[in-house]
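Trainee: Could you walk me through how to read a few features of a protein model?
Mentor: Gladly; let's open it and go through them one by one.

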Amino acid sequence: MTAPDPRLDEAAVRLGVVVEAPQHSGLWGVLDYLSAVPLPPGTLVRVPLGRRVVTGVVWTLPSASGEAPAMAVEDLKAVIEVLEGLPALPPAWRQLVGFAAAYYQRSLGEMALMVLPPELRQVDAVQLQRRLKRLDKALASPEEHRAGATLPELSAQQAQALSALGAGGARPFLLWGSTGSGKTEVYLREAQRALDAGQQVLMMVPEINLTPQLEARVAERFAGRRIVSLHSGLTPAQRLRNWVMALQGHADLVLGTRLSVFTPLPRLGLIVVDEEHDPSYKQQDGARYSARDLAVYRAHLEKVPVILGSATPSLESWHNALPGAEGGTGRYLRLDMPERIGGGDMPRVRLLDQNHVLKATMGQEPPPVSRPLLDAIAQRVERGEQSLVLLNRRGYAPVLHCSDCGWKSGCPHCSAWRVFHKADRTLRCHHCGFSERVPRACPDCGNQDIQPVGRGTERLEEQLAAALPGARVGRIDADVTKHKGALEAQLASVHAGEVDVLVGTQMVAKGHDFRRITLVAAVNPDAALFASDFRAAERQFALLLQAAGRAGRDADVAGHSEMWVQTWHASHPLYQALQRYDFAAFATRQLQERQMAGLPPYASLAMLRAEGKTQEAAQGFLEAAATAVQDLVAQAPEAAGLMLYPAVPTPVQRVANVERAQLMIECGQRAVLQRFLSAAQSVWLAQAQQHRRSGLIRWAVDVDPLAI
Ligand code: ADP
Ligand code: ZN
Ligand code: ZN
């Protein structure tokens with residue numbers, strides 16, 4: 001059936017509809033369409049866009065639509081169909097999306113459509129009906145209401161945290177608790193409270209890998225409640241289904257990764273952000289939003305409590321949870337849970353000074369794992385306990401080298417080395433993926449003896465197996481867990497005690513509830529101490545402390561658990577603070593440094609990034625962009641200290657034959673920076689148009705960038 005042309009209909013109304021329009025298109029994303037009947041904001045529709053038909057969201061009321069000079073009714077296109085059967089997206093959802101688009105400098109259309117389930121952008125009304133019918137059928141069989149699980153008796157500190165949470169108040173909560181202090185139990189109790197009040201709960205975790213574990217715990221606790229997960233590992237159909245259940249109010253609890261922060265929840269009553277410091281909460285391409293920060297904003301918007309939980313909070317959150325008298329903003333309320341459940345101590349931290357080892361080995365380069373550490377691991381193997389050895393670099397060796405002519409295994413497409421992977425004898429670039437079989441001889445001089453330099457997890461696994469005859473050595477990193485189910489299988493074998501020594505990257509440091517690990521070792525953690533990124537130390541501290549938390553999780557082995565740090569800089573303040581598990585001291589020191597340097601959280605940053613065919617093209621655009629906004633910079637209040645730094649190549653400046661550069665923008669006042677960026681956008685759009693001819697490929701603004 002073809003609908004009558006609404007242009008011919010007197011009663012036709014004009015609607016503002018948001019469609020997918022990237023920032024660079026110059027369209028903000030709200031376009032005017034005609035509809036035969038008024039449609040409430042938040043309604044999903046299919047509309048013509050150029051020669052395509054796309055999904056859009058009705059955004060503004062007819063009367064409020066359009067800032068641009070109104071198009072004549074005759075020129076407007078009509079809404080093709082309404083995606084019926086779904087409730088309109090709630091006002092709070094539209095507000096959140098609107099805020100995120102403005103704050104992260106993206107078009108409203110891009111933001112709104114990006115956060116919908118991908119499948120929803122593709123289906124037409126008929127297809128959606130079919131899917132909804134299937135879902136209705138599934139929902140018709142009610143979940144059986146079983147008796148709830150028996151609850152553990154709360155520890156004193158849990159009870160205290162919960163009573164503070166119960167007292168409410170409008171401030172976000174920062175739950176600062178050691179690993180194993182029972183933070184999850186606190187989330188679950190709060191969730192219970194919200195569910196009992198007929199509300200929905202949004203629980204966020206940083207990584208997909210960690211969802212199954214928490215999901216199992218949540219499912220066990222809330223038997224009979226509808227729990228859905230939302231992350232990028234689901235099939236498009238599952239994701240649509242779970243999202244629809246949330247929007248319809250059928251799902252009681254949504255457990256998800258960063259993308260779940262945008263889930264429409266009509267009865268939202270609580271937001272939890274577990275491991276709130278984790279970098280995974282920041283989207284690293286496209287609309288580079290921080291789900292942690294948006295969660296705080298959303299809680300404020302919808303007037304619901306939000307709990308940010310961590311053993312090592314981000315310095316931003318820590319600063320927000322320090323009272324004014326201690327130099328903080330006092331915006332958050334901090335709840336402390338320093339003790340582990342069962343009273344088990346955190347493992348004893350041993351700093352293994354490589355300088356001493358060097359002396360002991362008569363000046364010979366120490367082996368990858370020094371003797372005392374090897375002995376300690378061997379002892380564990382003998383006792384039937386497990387060890388975890390951390391090395392944040394996968395592959396066999398980061399580079400191959402010819403000692404005759406100096407050839408190194410560079411990537412022809414990137415300014416980076418290709419990593420030697422021994423298992424499949426390839427040289428692989430971790431930036432662009434370019435992979436080749438390892439040459440038999442040096443490609444430049446024919447020398448047959450080319451050597452691996454340095455060490456990745458694959459080599460460490462081999463070396464440990466050689467040094468510990470009889471021990472079962474296993475490995476978990478992105479290479480061994482490429483295939484679906486591989487990670488679960490590998491973890492299961494660790495849990496089953498089939499592995500004595502587990503080598504792994506940061507992947508294994510997070511969250512996993514290993515019961516028999518009594519030794520954790522970081523064998524090469526020093527690089528972070530001298531990295532150019534000002535957040536490197538913060539990340540490293542969090543990682544090491546989290547890794548330490550993998551040991552001694554059972555109180556009966558906690559007593560003799562150890563965390564070994566093999567370092568050349570044992571007296572470094574980071575390690576000294578780690579040894580005392582003194583996050584507060586570490587944070588205080590870091591904050592002092594940040595304040596002196598005028599870095600976050602004492603200043604706001606944005607990064608203007610550009611990619612070009614040449615480095616000159618990328619930097620050329622950035623420099624022109626900076627020059628073009630000199631007036632805007634001058635207009636900013638002097639006290640705000642708005643400043644543009646020179647354009648520089650990114651740390652890895654060429655990836656897949658594309659040159660990358662960046663320009664940092666710093667400002668003492670967030671609001672001033674925001675105003676500046678909004679005004680600069682249109683200037684930069686015009687600049688970018690001109691620079692396309694000279695080789696500019698892409699550009700973007702990254703607000704509150706994580707990696708510098
Ligand atoms: P965190 O999230 O802070 O790392 P968890 O909530 O995972 O800590 O708690 C660590 C362990 O202690 C888990 O095995 C959990 O089941 C258990 N636990 C938590 N709270 C209690 C309690 N009040 N009584 C007994 N066991 C508890
Ligand atoms: Zn050579
Ligand atoms: Zn490459």
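This is a predicted model: local features need pLDDT of at least 70, side-chain atom pairs count only at pLDDT 80 or more; totals for chains, interfaces and linings use all residues.

Trainee: How many bridges join β18 and β19?

Mentor: Three bridges, in the antiparallel sense, with β18 covering residues 426-428. Phi of Arg425 is near 45°, a positive value in a residue other than glycine. Arg425 counts as partly exposed, at 39% relative accessibility.

Trainee: Now the metals. Which residues coordinate the zinc ion (ligand 3)?

Mentor: Start with the donors, then check the angles, then look at where the donors sit in the chain. The zinc ion (ligand 3) is held by the SG atoms of Cys411, Cys414, Cys429 and Cys432, at 2.3 to 2.4 Å. The angles among its four donor atoms are 106 to 112°, and the site is tetrahedral. Along the chain, the donors follow the spacing C-x2-C-x14-C-x2-C. Cys411 belongs to the loop between β16 (399-402) and β17, and Cys429 to the loop between β18 and β19, so this pair ties together parts that are 18 residues apart in sequence.

Trainee: Are Cys411 and Cys429 buried or exposed?

Mentor: Cys411 is buried, with a relative accessible area of 5%, and Cys429 is buried too, at 3%.

Trainee: What does the site of the zinc ion (ligand 2) look like?

Mentor: Its donors are the SG atoms of Cys402, Cys405, Cys442 and Cys445, at 2.2 to 2.3 Å. The arrangement is tetrahedral because the four donor atoms subtend angles of 105 to 113°. The donor spacing in sequence is C-x2-C-x36-C-x2-C. Cys405 is in the loop between β16 and β17, while Cys442 is in the loop between β19 and β20 (450-453), so the pair ties together parts that are 37 residues apart in sequence. Cys405 counts as partly exposed at 38% relative accessibility, whereas Cys442 counts as buried at 4%.

Trainee: And helices? What should I check in α7?

Mentor: An α-helix has 3.6 residues a turn, so residues three or four places apart point the same way. For α7 (residues 236-248), compare length with expectation: at 1.5 Å a residue its 13 residues should span 18 Å, and the end C-alpha atoms are 18 Å apart, which agrees. Its buried residues include Arg239, Trp243 and Leu247. The buried residues of α7 pack against α3 (125-140), β8 (200-204), β9 (227-230) and β10 (253-256). Just after α7, Gly249 takes a positive phi of about 85°.

Trainee: Where is the cis peptide bond?

Mentor: Go from Pro600 to Pro601, where omega is near 5°. Pro601 is in the loop between α17 (583-597) and β25 (604-612).

Terms used. Residues are numbered from 1 along each chain as its sequence is written. Chains are lettered from A and ligands numbered from 1 in the order in which they are written. Side-chain values use heavy atoms; hydrogens and water are left out. Two strands pair if DSSP finds at least two bridges between them. Helices (H or I, at least four residues) and strands (E, at least two) are DSSP runs, numbered from the N terminus. Donors are N, O and S atoms within 2.8 Å of the metal (3.2 Å for Na, K and Ca); water is not among the atoms, so sites may look incomplete. Four donors count as tetrahedral if all angles lie between 85 and 135 degrees; four count as square planar and six as octahedral if opposite donors are over 155 degrees apart and all others between 65 and 115; anything else is irregular. Buried means under 20% relative accessible area, exposed over 50%, partly exposed in between (1.4 Å probe, protein chains only). The expected span of a helix is 1.5 Å times one less than its number of residues. Contact means heavy atoms within 4.5 Å.
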